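The following exercises are to be worked through with the sequence and the model at hand. Each task is followed by a solution in steps.

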Amino acid sequence: MLCGGLTLLHYAAEAEAAFTAYVQERRASLYATAYHLTGDRYEAEDLLQSALFSTYRAWDRISDKAALGGYLRRTMTNLHISAWRRRRLNEYPTEELPETAADADAMRGTELRAVLWQALARLPEAQRTMLVLRYYEGRTDPEIADILNISVGTVKSSIWRSLRRLREDEVLSFGRDEQESFGALVA
């Protein structure tokens, strides 16, 4: 009995060490996915923590450890969608955009990406989620529709509208033509 208990403890310690090593190795990438889904640092931390907790509890049932990244990303997406559906709508679309930046030099390098994430944050959460799934995760329209439990047509039209809003965003295109400003963001 004691021998069996030690084997079980040894297995549990190995499983915990493997999980910890995986998280330490992939922490930045997993956090980036969570941040892209939520658009908020604190919500991303909470989302990642919840996904890691859920994955740790299911660790013994995950037979293909090579697919763990996809499992975690899917878990984060599902948790985010569940929270999003529970949350009341507190964003209202508007035709008026916030004030534009005064300096065109603010649109270079790191600042450009920061402005892009701010523009994404201004999109409705469903549209932002679809853009992250499409352009960050590389999902197809049918996959996105399946994940969000909506039609493929809704995915296509929502992504089209989201990209149009980003192209028309005055902050993103300040002092530049549409091709130059939008092309720099997707490169």
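**Exercise 1.** Determine in which helix His36 lies, whether it counts as buried or exposed, and which residues it contacts.

*Solution.* His36 belongs to helix H1, residues 2-38; helices are DSSP runs of H or I with at least four residues, and strands are runs of E with at least two, numbered from the N terminus. The model is a predicted one, in which local features need pLDDT of at least 70, side-chain atom pairs count only at pLDDT 80 or more, and totals for chains, interfaces and linings use all residues. Residues are numbered from 1 along each chain as its sequence is written, and side-chain values use heavy atoms, with hydrogens and water left out. Because its relative accessibility is 9%, His36 counts as buried (buried is under 20% relative accessible area, exposed over 50%, partly exposed in between, with a 1.4 Å probe and protein chains only). Leaving aside neighbours within four places in sequence, His36 is in contact with Trp117, Arg128, Val132 and Tyr136, where contact means heavy atoms within 4.5 Å.

**Exercise 2.** Describe how helix H3 packs against helix H5.

*Solution.* The axes of H3 and H5 (residues 125-136) are 11 Å apart, and the packing angle is about 170 degrees. Axes are lines fitted to C-alpha atoms, for helices over the stretch in contact, and angles run from 0 to 180 degrees between N-to-C directions. H3 is therefore roughly antiparallel to H5 (angles under 35 degrees count as roughly parallel, over 145 as roughly antiparallel, 65 to 115 as roughly perpendicular and the rest as oblique). H3 contributes Thr77, His80 and Trp84 to the contact, and H5 contributes Glu125, Ala126, Thr129 and Leu133.

**Exercise 3.** State how H3 is oriented relative to helix H6.

*Solution.* The axes of H3 (residues 68-86) and H6 (residues 141-148) come within 10 Å and cross at roughly 55 degrees. The two helices are therefore oblique to each other. On the H3 side the contact is made by Arg74, Thr77, Asn78, Ile81 and Arg85, and on the H6 side by Asp146, Ile147 and Leu148.

**Exercise 4.** Locate Asn149 and decide whether it is buried or exposed.

*Solution.* Asn149 is placed in the loop between H6 and helix H7 (152-168). Its phi is near 60 degrees, a positive value in a residue other than glycine. Because its relative accessibility is 64%, Asn149 counts as exposed.
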